[in-house]
Amino acid sequence: MTSPETLPQKPSIKRLVMFKHGVAFLERSGPAAGHFELTFRVTEMNDVLKSLAVWVAEGNARLLSVGFDAPEDPDVALAQRGLLLGPGSALDAMLASVRGRSVEIDLGAAPLRGEVLGIQDRTAAHGDKRRALLLRTSDAEVSVVDLEHVRSLRLLEQVSRDRLDFLVGRSQAATSGETRSVRIVLEGEATDLRVAYVIPAPVWRVSYRVVRDGDHATLMAMGIIHNPVDEDLGDVELTLTTGQPVSFLIDLYHPKQIERTVVQEETRAAAAPTRFERALPAAPPAFAPPPPPAPAGFGGPAAFGPPPFLESAPAPAPRMADSFGAAGQGASEGVERGELFEYRVASRLSIRRGGSAMVPLAATRVPAKRERVWRDGSGNNPDLVLSFKNETGLVLEEGPAVIYDDGVYAGESMLPYSARGVDVKMGFAKDLAVRVSKRLSHSSVLAGIRVDKTALVEEQRQEARHVVTAENDHDEDVEVIVELSKITGRSLTPDTPEAFEETTGYRRFLMKIPGHAKRELVVTERWASWRNVSVDSVAGIDLERWLRDKFIDDSTLRGLQSVLSRRQKARELRAQKAAVEAEQQQAYTKQTKLGEQLNVLKETGPEGALRLRYVKELEAEQDRVNRCEKEAARLQNAIAEEEAAAAAELASLVRR
């Protein structure tokens, strides 16, 4: 058995970079030789296989292989090879697995060699049950060896030793539960071996404490992290990174099988194989780039440094200036790296397995002020808002913030994600001594008439009047910022006070209210809207009003009057046509009844005379049907002519 002093040494975790999208980058560093194993959860294996990198920073070692436990069920794999050792029968199963194989048995004297035949139960002379191992020690001799006298058994064939290695390896995997091992094998010794990989990790978060004192505020940020590995972390360099690098899941752990097409052989006479000429080597390009150097540790003899994307971070710059002495001790350094922003924790970190920690990220002082902001729809009382510009030099991640005002707890807020230099507003309480309300009224007036191809278009000038009333119960004067929604296409009327600030969705107005007083703010918005009006719905009185209000001229008036006249004529013709079609339907109905009566009358006698009278009536009704059809066709043509003339005249008005 290997003593604890001779166990393979593996590099320890020295660097941990945690991202905001659920992964962590770890870098191990330290001496290593021979082989060592790293243990991962099953759920981590896909990310490990996607990202694992091993390189020699110092030393003469060379990487020989990286192996890992297969995803198969270890017990199933052992059973398929006859190596599953059941409880209480491990020796029997082990010896059964090497039947026919050469072994060497240590009996305390000269070793005995032979091929294993099996195990035999037998009864001793005094009646005790004894177990014996049967060995073929020569071509013509089988030895019976009492198992109680066997001290050890040595496997002489490589295939047996391989099966034993498989048994031990799969048994380790079977007892590891939801963990899997990755085995790294080296040739030589490395004084500094680096192993880097990515694993899933809880998202790091941040919480803030903001202490306002006069016209400044002290902003303190604390990062909250959880140990992402199943081991204690000691003396680790921690970096918390913002941004969103691309990261995805892909199943590299489970084998991927491709179903291939089955091709049936054809039976035919043998033929000589076709001989193909070998292609000439392609000429190298005129400006062929030099081949990349072979990475050491994968066939090259020399050690090599880390790839560029895995280089350790440069030495940190001087820490951010702290304007309040001990308040900033231990704060992290903020570093911009392209699209990312890093918080590098100043002191190295130690976290126990399964543990978590809070680390200081920032402690700085910025100019700040307290404001009252009332937003339409937010209730009757304005929010107390702490407002400052992010001049910390850091990118502030979103997180909860506790506000202390003049040394006491004042409320809580959420600090939004804030790039450097942006304005930050955090509402943390309500000012119950200030009450704000709003009344809204709406008006609409006709602003113009436009003739379209098929209708008239009314342009309406819409106005919305917001009357904001604020009452101040404080003894001192207060200022309230009023936020009203900004709607695309609407503008403020000239008599409206100018907004001192606009955001994407709001306009901001400033109200100054003396102590124990009330003030009003009137904001009027204006915008245009359009409505299609059917020509048929327009009356003569509408035309006269439009002419009076100068929305149309005399020429347009006469044209519209002509269009309306023709439309009216077409409606009258439709009514006449409907009457003719109704008369025609009556004739059809009478014809149907006459036909039914003719079917039951005889052609002679009194019924014959009646039959002749019905025939004459039937002929008269047919004449009426023909006359109605002709009249309906004439009316339809007249309707079409009137509608076409009306459409043409309306189109001529559009061209004007």
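At 9% relative accessibility, Glu458 counts as buried, the term being applied under 20% relative accessible area, with exposed used over 50% and partly exposed in between (1.4 Å probe, protein chains only). The model is a predicted one, in which local features need pLDDT of at least 70 and side-chain atom pairs count only at pLDDT 80 or more, whereas totals for chains, interfaces and linings use all residues. Residues are numbered from 1 along each chain as its sequence is written, and side-chain values use heavy atoms, with hydrogens and water left out.

The side chain of Glu458 meets that of Arg531 in a salt bridge with an N to O distance of 2.6 Å; a salt bridge is defined as a side-chain nitrogen of Lys or Arg within 4 Å of a carboxyl oxygen of Asp or Glu. Strands (E, at least two residues) and helices (H or I, at least four) are DSSP runs, numbered from the N terminus.

Strand 23 (residues 456-472) pairs with strand 28 (residues 517-533) in the antiparallel sense over 17 bridges, where pairing requires that DSSP finds at least two bridges between two strands. Val457 has Asn532 of strand 28 as its bridge partner. An open sheet of four strands, with antiparallel pairing, runs in the order 22-23-28-25. Its edges are formed by strand 22 (434-451) and strand 25 (491-492), each of which has a single partner strand, so one side of each is left without a neighbour in the sheet.

In total, the structure holds 45 salt bridges. A network of salt bridges links Lys486, Arg490, Glu502, Arg507 and Glu525. Within this group, the side chains of Glu502 and Arg507 meet at 3.7 Å, N to O. Glu502 counts as partly exposed at 48% relative accessibility, while Arg507 is buried with a relative accessible area of 8%. The charged end of Arg490 also sits over the ring of Trp527, 3.6 Å from its centre; this arrangement is assigned if NZ of Lys or CZ of Arg is within 6 Å of the ring centre and within 35 degrees of the ring normal. A further case is Lys20, whose charged end sits over the ring of Trp204 at 4.7 Å from its centre. Glu342 forms a salt bridge with Arg344, the closest N and O atoms being 3.1 Å apart, and both residues are buried.

Three aromatic pairs are found in a search of the whole structure. Rings of Phe, Tyr and Trp (its six-membered ring) are paired if their centres lie within 6.5 Å, with planes under 30 degrees apart counted as stacked, over 60 as edge-to-face and the rest as tilted. The rings of Phe40 and Tyr197 have centres 5.0 Å apart and planes at 90°, so this pair is edge-to-face. It connects distant parts of the chain, with Phe40 in strand 2 (residues 23-41) and Tyr197 in strand 10, 157 residues apart. Phe40 is buried, with a relative accessible area of 4%, and Tyr197 is buried at 1% relative accessibility. Tyr404 and Tyr409 form an edge-to-face pair, at 6.5 Å centre to centre and with 75° between the planes. Tyr404 counts as partly exposed at 29% relative accessibility.

The largest nonpolar core has 60 residues, and those with the most contacts inside it are Met18, Leu193, Ile225, Leu238, Leu240 and Met426. Such a core is a set of buried Ala, Val, Leu, Ile, Met, Phe, Trp, Tyr and Cys residues joined through side-chain atoms within 4.5 Å. Strand 10 (residues 179-200) supplies the largest share of this core, eight residues. A second, separate core of 16 residues includes Val451, Leu456, Leu560 and Leu653. With residues up to four places away in sequence not counted, Met426 touches residues including Val210, Leu386, Phe388 and Ile403, contact meaning heavy atoms within 4.5 Å.

Pro111 lies in the loop between strand 5 (102-106) and strand 6 (112-123), and is exposed with a relative accessible area of 51%. Leaving aside neighbours within four places in sequence, Pro111 is in contact with Glu104 and Ile105. A separation of 9.9 Å is found between the C-alpha atoms of Pro111 and Ser152, which are 41 residues apart along the chain.
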